[in-house]
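Here is a short report on one protein chain. Look at the fold first, then read on.

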Amino acid sequence: PAAGGVGAQLHGAGGNGRISAAKYNGTQVAVKELYSTMGGRQYEGDRSTSFAEFSREFEALRLLRHPHIIQLFGASIAPSVDARGLSRHFIVTELAHESLADRLARPEPVDKATAERYALEIASAGAFIHSRQMIHFDLKPQNVLLDIFGTVKICDLGISQLIKPST
């Protein structure tokens with residue numbers, strides 16, 4: 001079966017993995033399969049990610065419960081490896097409708113009130129991330145998702161970093 005279980009459908013792909021839409025306990029979810037290996041890096045063309053990046057994204061999403069940050073449902077590392085020695089890493093989150101980049105690419109413009117709401121929701125999520133001593137490091141329209149109601153959901157925290165307090 002496809003990533004995410006029986007009936008999963010490819011929803012998109014990015015630099016570090018691919019996203020499939022699937023059902024989990026009757027709920028539509030996104031299953032992000034990361035291109036990675038347990039012991040180092042896996043390369044698929046120019047795409048690569050490390051186990052540390054998988055762990056960092058999982059831990060960031062686990063710590064960041066906020067209405068404008070994509071909700072984590074779970075993560076898994078497939079217990080077996082393929083013939084190349086590659087493990088499969090999955091992060092399961094709520095399923096978003098589209099990215100802000102996709103919305104902005106449509107011919108109809110975003111009205112002023114909606115643009116202001118997007119800005120406030122992005123700022124709210126960013127302030128929350130910073131209040132948890134973290135920096136996103138990759139905030140861009142492709143990593144700002146919109147649910148079916150048009151609510152902002154920040155995603156892709158794989159390169160986020162904890163801020164070390166100065167002494």
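**Overall make-up.** This is a predicted model. The protein has three helices and twelve strands. Of its 167 residues, 41% are buried. Consider contacts between residues at least 6 apart in sequence: 52% of them join residues at least 24 apart.

**Confidence.** The mean pLDDT of the protein is 81. Residues at 70 or more make up 74%. Confidence is lowest in strand β4 (residues 41-44), with a mean of 48. It is highest in β11, at 97.

| Stretch | pLDDT | Contacts beyond near neighbours in sequence |
|---|---|---|
| Residues 1-6 | below 50 | nine contacts |
| Residues 38-48 | below 50 | 28 contacts |

Strand β2 spans residues 17-24 and strand β3 spans residues 27-34. The two pair in the antiparallel sense, over eight bridges. Lys23 has Gln28 in β3 as its bridge partner. Together β2 and β3 form a hairpin, with two residues between them. In the turn, Asn25 has a positive phi of about 50°.

**An open sheet.** Three strands make up an open sheet, in the order β8-β10-β11. The pairing is antiparallel. Which strands stand at the edges? They are β8 (98-99) and β11 (152-154). Each has a single partner strand, so one side of each is left without a neighbour in the sheet. Strand β10 (residues 144-146) is joined to β11 by three bridges, and the two run antiparallel. Leu146 stands opposite Val152 in β11. Helix α3 (residues 112-131) lies across β10 and β11. Its direction makes an angle of about 30° with β11.

**Helix α1.** The buried residues of α1 are Glu53, Phe54, Glu57, Ala60 and Leu61. These cover an arc of only 135° around the axis, which puts them on the same side of α1. The general rule is that an α-helix has 3.6 residues a turn, so residues three or four places apart point the same way.

Definitions and conventions. Residues are numbered from 1 along each chain as its sequence is written. This is a predicted model: local features need pLDDT of at least 70, side-chain atom pairs count only at pLDDT 80 or more; totals for chains, interfaces and linings use all residues. Side-chain values use heavy atoms; hydrogens and water are left out. Two strands pair if DSSP finds at least two bridges between them. Helices (H or I, at least four residues) and strands (E, at least two) are DSSP runs, numbered from the N terminus. Contact means heavy atoms within 4.5 Å. Axes are lines fitted to C-alpha atoms, for helices over the stretch in contact, and angles run from 0 to 180 degrees between N-to-C directions. Buried means under 20% relative accessible area, exposed over 50%, partly exposed in between (1.4 Å probe, protein chains only). The arc is that of the directions from the helix axis to the C-beta atoms. pLDDT is the predictor's confidence in each residue, from 0 to 100.
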